[in-house]
Amino acid sequence: FLSGTFVCTCFSANSNQYIERLETTENMCQEYIDDLNNLLSIATHPKSIELLQTAILQERSHLCEQTIDSATSKSVKRATVAKEELRTYCTRITQYGWDQSEKFVKIYICNVPGLNELKEENVKHSFKQKSFEIELENVSKKNYSLSISELMASIIPEECTVKVKSDMVIISLRKATKGEWSCLTGTEKKLKDSKESKAPKVDKDEDPGVSIMNLMKQMYADGDDEMKRTISKAWHESQTKRINVDV
């Protein structure tokens, strides 16, 4: 981006200098033609008149070329400036809401500044079997994108839609199979399954004291530093009370 900006800045500066040179040359040509016309108006000899007329025609041709070059350069400059004015920056959308029915999952994008100015033709989207991507272009001179690379379950891409409202964008994903999704993404589903598989289990037929001890051990093994400190403190206090009771 920096190199692109530098090149564009250099191009703009060089373009300005080139246009100024063309305009200066154009003005000089016009002055030369005016001088030749003045000379032509007072010339009397046929040869002098012929030479002056030929020179005027040549200068007019040269002036025409300079005018075309100048107009072309100005047009290129205007196009470059317009392109720079439309330059946008892409921001990832990380906050959104979602809900579902038996057939559809709907995702709501609401927290984008200037969303009320978004036009439908500036919404680009792509749906695949287990992923989708959407880009909102030129929203207050910014682009916003939301991409989910792994949905929890499959969708039907050709039956997915995007609707632009005055205050939100609604993405409707058609479920390939009817039913409820416990999560939106495959990553969330894996994380949830992992936590459930590691959840401490208490055996109803086992001695309560042994079950609690096993539960504490598992919680200690799976817990973070804070959890381990809490369990150690509770264990220490429990042991201290037991010693005091025995004495």
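Q: Let's start with the rings: how many aromatic pairs does the structure hold?

A: This is a predicted model, by the way. Rings count as a pair if their centres lie within 6.5 Å. Here the structure holds one aromatic pair. Phe127 and Phe132 make it up, with 6.2 Å from centre to centre and 35 degrees between the planes, which makes the pair tilted.

Q: Are Phe127 and Phe132 buried or exposed?

A: Both Phe127 and Phe132 are buried.

Q: Which residue lies over the face of Phe104?

A: That's Arg174, at 5.4 Å from the ring centre.

Q: Now the strands. How do I read a sheet, and what is the order of the open sheet here?

A: Strands of a sheet pair through backbone hydrogen bonds, either parallel or antiparallel. In this case four strands form an open sheet in the order S2-S3-S8-S7, and the pairing is antiparallel. Strand S2 (97-100) and strand S7 (161-164) are the edge strands, each pairing on one side only. On average, neighbouring strands of this sheet are turned by 20 degrees against each other, direction ignored.

Q: How many bridges join S7 to strand S8?

A: Four bridges do, and S8 covers residues 169-174. As an example of who faces whom, Val162 stands opposite Ile171 in S8.

Q: What about cysteines: how many disulfides are there?

A: The idea is to look for a pair of cysteine sulfur atoms within 2.5 Å. By this rule, the count is zero disulfides.

Q: Why does Cys160 count as buried?

A: Because buried means under 20% relative accessible area, and Cys160 has 9% relative accessibility. Cys183 counts as buried too, at 8%.

Note on methods. Residues are numbered from 1 along each chain as its sequence is written. This is a predicted model: local features need pLDDT of at least 70, side-chain atom pairs count only at pLDDT 80 or more; totals for chains, interfaces and linings use all residues. Side-chain values use heavy atoms; hydrogens and water are left out. Buried means under 20% relative accessible area, exposed over 50%, partly exposed in between (1.4 Å probe, protein chains only). Two strands pair if DSSP finds at least two bridges between them. Helices (H or I, at least four residues) and strands (E, at least two) are DSSP runs, numbered from the N terminus. Axes are lines fitted to C-alpha atoms, for helices over the stretch in contact, and angles run from 0 to 180 degrees between N-to-C directions. Rings of Phe, Tyr and Trp (its six-membered ring) pair if their centres lie within 6.5 Å; planes under 30 degrees apart count as stacked, over 60 as edge-to-face and the rest as tilted. A charge sits over a ring if NZ of Lys or CZ of Arg is within 6 Å of the ring centre and within 35 degrees of the ring normal.
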